[in-house]
Amino acid sequence: FNVTFGNNATSVPFDATPSIMKAALENVGTGEVTVHRSGPDFELGYVWTISFIEKEGDLDLIGTDITRLTGDDASVEVIETRKGTIKEVQTITTSGGNDNIVN
């Protein structure tokens with residue numbers, strides 16, 4: 001799937017390691033971030049928790065494009081888990097619905 005921030009986008013694998021997700025996000029302009037990943041769940045879904053280190057304030061949500069994800073009801077959800085003042089935290093969650101998710 002693709003992640004976007006501002007007008008920049010890049011592709012990441014559905015099972016991206018924390019270091020791959022970190023590099024992708026920083027390449028699209030998030031500034032320095034830390035990334036932690038949990039999963040996979042029983043549908044090969046993952047959760048990445050992203051903490052913004054460099055940029056401060058209430059930031060735009062990371063965007064996603066799931067066109068390349070396959071699987072019944074494959075989806076990606078981005079949630080702002082801590083609104084930014086000094087360190088905003090967002091999560092990206094993939095789900096495969098009734099089938100395994102692939103990219």
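The structure is a predicted model: local features need pLDDT of at least 70, side-chain atom pairs count only at pLDDT 80 or more, and totals for chains, interfaces and linings use all residues. Residues are numbered from 1 along each chain as its sequence is written, and side-chain values use heavy atoms, with hydrogens and water left out.

Helix α1 spans residues 18-27, and its buried residues are M21, A24 and L25. Buried means under 20% relative accessible area, exposed over 50%, and partly exposed in between (1.4 Å probe, protein chains only). Helices (H or I, at least four residues) and strands (E, at least two) are DSSP runs, numbered from the N terminus.

Strands contribute to the cover of the buried residues of α1. Among what covers them are β1 (2-5), β2 (8-11), β3 (33-38), β4 (47-52) and β7 (89-95). Contact here means heavy atoms within 4.5 Å.

The loop between β3 and β4 was examined next. P40 is found in this loop between β3 and β4. A cis peptide bond joins G39 and P40, with omega about 15°. L44 also lies in the loop between β3 and β4. Its phi is positive, about 65°, although L44 is not a glycine. L44 is partly exposed, with a relative accessible area of 29%.
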